[in-house]
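Biologist: Before I use a label for any part of a model, I would like to hear what it rests on. Could we go through this one together?

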Amino acid sequence: MPEGWHARPEKGRCPTLAGMSAFTPSDEDFMRLALSQAHAAAADGEVPVGAVIVKDGRVIATGRNAPIEGHDPTAHAEIAALRAAAQALGNYRLEGCTLYVTLEPCAMCSGAMLHARLSRVVFGAPDPKTGAAGSVLNLFGHDQLNHQTVVQGGVLAAETAALLRGFFKERRVNLHPLRDDAVRTPDDRFTDLPGYPWQPNYLSDLPSLDGLRMHFLDEGPRHAPVTWLCLHGNPAWSYLYRKMIPAMLASGGRVVAPDLIGFGRSDKPKKDSAHSFGWHRQVLLEFIERLDLKNVVLVVQDWGGLLGLTLPMEAPQRYRALLVMNTTLATGETPLSPGFVAWRTMCAQNPEFDVARLFARGNPQMTPEECAAYNAPFPDRGHRAALRAFPALVPEHMDDDGAAISRSARSFWSTQWQGQSLMAIGQQDPVLGEPVMRALHASIRGCPEPMLLPQGGHFVQEHGELIAQAAVRRLTV
Ligand SMILES: [Zn+2]
């Protein structure tokens, strides 16, 4: 056994349980010893999994995860403990022994346990990704393979799972260190949000990000025939697409939904002046190239469209269709709509406006918890620079940042766009409602008559199930 595996047979009584002879240690007592092995693994920078092997009420071996240190893909806690136990007993059969491990064993370790003919295997947290004791598969459940090993999960499951979660969270932070001039909304503000079960994904190494951490959802098969690229606006985040994503996934598609920098789970620059039209557009262009998105259905609303509608002309071959909702191209040629000007004034006068209330007002069908989820990214004013900056960034005059590129984009959509299109209009929107959308409609080549949602407001995605179903039918065949 290589040095550094930290698996050692215990001589005599396990010291940690010394003094317990008056009573029989329970599964939980032994799992706590496995947990201390897991903590030791974490301290070494390994994924925190620990194991102990018990015979006749005594710990005869311990093991902890150490594949990095040992340059050894097989150096799982259970393998280390099995080897140490066999050495201690002078027998490769471990009959009458119980193995305690903090995480559901993988296929390799489960196989080794069956070879060792353990009597029992007790594990803590289930492992939905690689667990071979019931989660992904169950090697212990095959009569042809197993005649002797009883398996039991869920002992100290909460504690063992918390250790793993904390470890991976810390590693995520270390992978994407926070820039001094930015803030990061704490993860716990995003736990258990209604209708938003998806795992976070991050990147921070796009040239334009310069280390800022950008969050995105990436669900469904990587090589799906269609990729839905869903772009939100101000003051929303990818949560806005939660009612549409299920239909997109059910059709076999991949869904990619980034949070713009300053929003959602993405990092938030402290200064309002960090935000500009051109910079956000550049981030999105690099993001699409990095993920190498193909067969894209571009899904846009609000700023998702102000920015997003300027993207396909840079790489038209990546896009197959457009789903456009309550947005516009701000070319600087015509005055901004009175509704938008009123919104911009409101934001300037009430920089601390309650985002949840904004959603609640236009969407009586939403629960208070759903509305509150829109406040999750913004615990205080220090996190709200984008909310303050964005309204004033909408190009108003011919030479404003973004106006010229928006004029080029309009020309692209009216003369060169080859893909299918679907427009959906929330008719209650006072800012970017039907009049604005009709004008945009005239600029999109081959766009059929819009789908109208009489109940839908500005955030029409809150009525998005029907829109997503229509888009699946009309844009992916
Ligand atoms: Zn394993």
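**Labels and their grounds**

Modeller: Let us start with Val150, which has its place in strand β5. Keep in mind that the model is a predicted one.

Biologist: Which residues is Val150 in contact with, leaving aside its neighbours within four places in sequence?

Modeller: Ser119 and Arg120. For a view across the chain, take Val150 and Gln455: they are 305 residues apart in sequence, and their C-alpha atoms are 57 Å apart in space.

Biologist: How many residues does the chain have, and what share of them counts as buried?

Modeller: The chain has 477 residues, and 45% of them count as buried. A residue needs 20 or more other C-beta atoms within 10 Å of its own to be called that. The chain holds 15 helices and 15 strands, and its C-alpha trace spans about 85 × 45 × 40 Å along the principal axes. Among contacts with a separation of 6 or more, 71% are between residues 24 or more positions apart.

Biologist: Why is β5 called an edge strand?

Modeller: The sheet is an open one of five strands, in the order β2-β1-β3-β4-β5, with mixed pairing. Its edge strands are β2 (58–64) and β5 (150–152), each of which pairs on one side only. Neighbouring strands in this sheet are turned against each other by 15° on average, direction ignored.

Biologist: How do you know that β1 and β2 pair?

Modeller: At least two bridges between two strands are needed for a pair. Strand β1 (residues 50–55) is joined to β2 by six bridges, and the two run antiparallel.

Biologist: What makes α3 and α4 roughly parallel?

Modeller: The angle does. α3 and helix α4 (residues 107–116) pack at about 20°, and their axes are 9 Å apart. Angles under 35 degrees count as roughly parallel, so α3 is roughly parallel to α4. The crossing of α3 past α4 is left-handed.

Biologist: Which residues make that contact, and how do they divide?

Modeller: From α3 come Glu78, Ile79 and Leu82, and from α4 come Cys109, Ala112, Met113 and Ala116. Six residues of the contact of α3 with α4 are nonpolar, none is polar and one is charged.

Biologist: Why are α1 and α5 called roughly parallel?

Modeller: Helix α5 (residues 157–175) packs with α1 at an angle of about 5°, the axes being 11 Å apart. Since the limit is under 35 degrees, α1 and α5 are therefore roughly parallel to each other. In this contact Leu35, Ala38, His39 and Ala42 of α1 meet Glu159, Thr160, Leu163 and Phe167 of α5. These residues of α1 and α5 divide into five nonpolar, two polar and one charged.

Biologist: What is the order of the eight strands in the other open sheet?

Modeller: The order is β7-β8-β10-β9-β12-β13-β14-β15, again with mixed pairing. Here β7 (201–203) and β15 (451–453) are the edge strands, for each pairs on one side only. Its neighbouring strands are turned by 20° against each other on average, direction ignored.

Biologist: How do you know that β7 pairs with strand β8?

Modeller: Two bridges would be enough for a pair, and β7 and strand β8 (residues 214–219) have three, in the antiparallel sense. Asn201 stands opposite Phe216 in β8. Strand β8 is also joined to strand β10 (residues 254–258) by four bridges, and these two run antiparallel. There, Leu217 has Ala257 of β10 as its bridge partner.

Biologist: In which sense do β14 and β15 run, parallel or antiparallel?

Modeller: Parallel: three bridges join strand β14 (residues 420–426) to β15. In that pair, Ile425 stands opposite Leu452 of β15.

Note on methods:
Residues are numbered from 1 along each chain as its sequence is written. This is a predicted model: local features need pLDDT of at least 70, side-chain atom pairs count only at pLDDT 80 or more; totals for chains, interfaces and linings use all residues. Axes are lines fitted to C-alpha atoms, for helices over the stretch in contact, and angles run from 0 to 180 degrees between N-to-C directions. Angles under 35 degrees count as roughly parallel, over 145 as roughly antiparallel, 65 to 115 as roughly perpendicular and the rest as oblique. A crossing is left-handed if the near helix is turned anticlockwise from the far one by less than a right angle, and right-handed if clockwise. Two residues are in contact if their C-beta atoms, placed from the backbone, lie within 7 Å. Ala, Val, Leu, Ile, Met, Phe, Trp, Tyr, Cys and Pro count as nonpolar, Asp, Glu, Lys and Arg as charged, and the others, Gly among them, as polar. A residue is buried if 20 or more other C-beta atoms lie within 10 Å of its own, exposed if 12 or fewer, and partly exposed in between; C-beta atoms are placed from the backbone.
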